[in-house]
There are 2 protein chains.
Amino acid sequence: MIGIDWGSSNFRAYRIGPDGTVLERREADSGIAGLERTDYPAILQQRIGDWLAVDSGPVLLSGMVGSRQGWREAAYVACPAGLADLAAALCSVEIGKGRVGHIVPGLSCRDADGVPDVMRGEEIQLFGLDLPAGMVMAILPGTHSKHVRMVDGRVAGFATMMTGELYALLSNHGLIAAMLPQEPTDFDEPGFHAGILASGQPGGLLHHLFGVRSRRLFGELAITAAPDFLSGLLIGHELRSAERHGEVQIIAGQKLAKRYLKACGWLGIPAAIAPEDAAARGLYRLSRFLPG
Amino acid sequence: MIGIDWGSSNFRAYRIGPDGTVLERREADSGIAGLERTDYPAILQQRIGDWLAVDSGPVLLSGMVGSRQGWREAAYVACPAGLADLAAALCSVEIGKGRVGHIVPGLSCRDADGVPDVMRGEEIQLFGLDLPAGMVMAILPGTHSKHVRMVDGRVAGFATMMTGELYALLSNHGLIAAMLPQEPTDFDEPGFHAGILASGQPGGLLHHLFGVRSRRLFGELAITAAPDFLSGLLIGHELRSAERHGEVQIIAGQKLAKRYLKACGWLGIPAAIAPEDAAARGLYRLSRFLPG
């Protein structure tokens, strides 16, 4: 089978054997952003045409490729939801030469106040985890961090936090951006730690953000430490306001996962980094629900 | 005397009689942004040269004109501070034809954790209020909202919140901006109220911000209500995380002051709008400390 995790700004394809082994993987740094609906079949041929020629198994596509701005919209499946629910809601697309691909829907949920939330692409990573029975919390950090409550292998509910997006906005525009170095800096662990601590002080995030400026102004935060102080401040707020239950599974690339693991450690949140390639395993497991 | 409140993006000048009456006022929409140190005397002549010719009283200048990026830096005075402390720390500048003007310093403070905070320009408005003895809280909403604890007419301490700046960043860049109308909308009170309520739900600001997107996605927030929902969300977070004590004095232009008064009402915070022209009164009161 072929599994593709196709997001806004990235593309990860896996050729997977009948036993679930990843035989080959291929990545691209460009996602669905800027694509027209009619562009998709040609891009797929260009990127994995050779795989499609030799592998006649199912082709599954997850992520923003299934959004309103993507190839074809696959409506959100309401939580609680497991793999069988995703399988029942797959959407077909013609991927070229009469062949059909299956787009994986995202998930939606509502919190206790009825406020809706959505994910698209993360669900397939969650279903690639090997989790114990009962309740397990997972974090998928990033532009829009997802904090997910899994129960018996199904997604029971989740909350999205705009941590990464706010970091990018504040680093590129306005008062704080003017206080940061022009060039990227190495990871500054003391700065990151100070940010995590600052996130627990009284006054709330809107006040803590101004503290980046006033600390810089008073020479109490080095310019090279400022980006990671800001990162720690935001991640600290994210983790402090998230639901907790037992050991949290961190699902992310190595660098980001290690940053969150450190932060969890300082905040006394038991945490572990989940194995990589969860998306490939999730896509493989989902393909087992297809007939044939 | 002549009092000038000269900020980053605005200029407000007052000609004030010996009894404190504002005889004339003049405004400009351009502040210190982009000015060189040597530009100031000519701009002053151009904007209030006629006043300077007829009024030989003191000339006081407050606001960002006294910052490192302004005409001359007037170092922050540490809180607790009153008018006499400001008067003792005035900085002179040559305003043309051998005449001397006085730049008003800003204030600094440290919270219980030792984190510094600063204001510049707001202090003169605070000293223009007629406050009862004892502790009074004041809010100066805006790009960087100030929540100030006044004790017996002096500034005891304060906390800055980046409410207005974050509103501008989120309205102009990224995910939420894409969900807002292109054109300015009329004030949507139900949207603003819903935002204030949402700010009290579990999950924290980073999560609540994503709710703007998910509510729009599910058709549960009209596009015309979205800007004021976002405003309510941020102002709600600001007010909920601020120190409270008795009736808070709101110091702002009418539109913004009414918005905060409404929000305070919904949150059960006793509040009143302070009289306008507080800056003029503060500058006048400060001028009384000058010799002659």
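The questions and answers below concern a predicted model.

Me: Which rotation superposes chain A on chain B?

Reply: Two copies of a chain are related by a rotation about an axis and a shift along it. For chain A and chain B the shift along the axis is 0.0 Å and the RMSD of the superposition is 0.1 Å, with a rotation of 180°. The two copies are therefore related as by a two-fold rotation axis. The same surface serves both copies, since 100% of the contact residues of chain A recur in chain B, and the rotation asked for is 180°.

Me: Which residues of chain A lose the most area to chain B?

Reply: The contact draws 45 residues from chain A and 45 residues from chain B. Between them the chains bury about 3800 Å², of which 68% lies on carbon and sulfur atoms. On the side of chain A, 19% of what is buried comes together from the three residues that lose the most area, namely M162(A), L206(A) and F210(A).

Me: How are α6(B) and α8(B) oriented to each other?

Reply: The axes of helix α6 (residues 189-198) of chain B and helix α8 (residues 226-240) of chain B come within 6 Å and cross at roughly 40°. Angles under 35 degrees would count as roughly parallel, and 65 to 115 as roughly perpendicular. The crossing of α6(B) past α8(B) is right-handed, and the two helices are therefore oblique to each other.

Me: How many nonpolar residues does the contact of α6(B) with α8(B) have?

Reply: Residues of α6(B), including F192(B), I196(B) and L197(B), meet residues of α8(B), among them F229(B), L233(B) and I235(B). By class, this contact has 5 polar and 2 charged residues, and the number of nonpolar residues is 8.

Note on methods: Residues numbered from 1 in each chain as written. Chains lettered and ligands numbered in written order. Predicted model: local features only at pLDDT ≥ 70, side-chain atom pairs only at ≥ 80, totals over all residues. Heavy atoms only, no water. Least-squares fit on C-alpha atoms with pLDDT ≥ 70 in both. Contact = heavy atoms within 4.5 Å. Axes fitted to C-alpha atoms, helices over the stretch in contact; angles between N-to-C directions. Helix = DSSP H or I, 4+ residues; strand = E, 2+ residues; numbered from the N terminus. Parallel < 35°, antiparallel > 145°, perpendicular 65-115°, else oblique. Left-handed = near helix turned anticlockwise from the far one by under 90°. Nonpolar A, V, L, I, M, F, W, Y, C, P; charged D, E, K, R; others polar. Buried area = accessible area lost by both parts, 1.4 Å probe.
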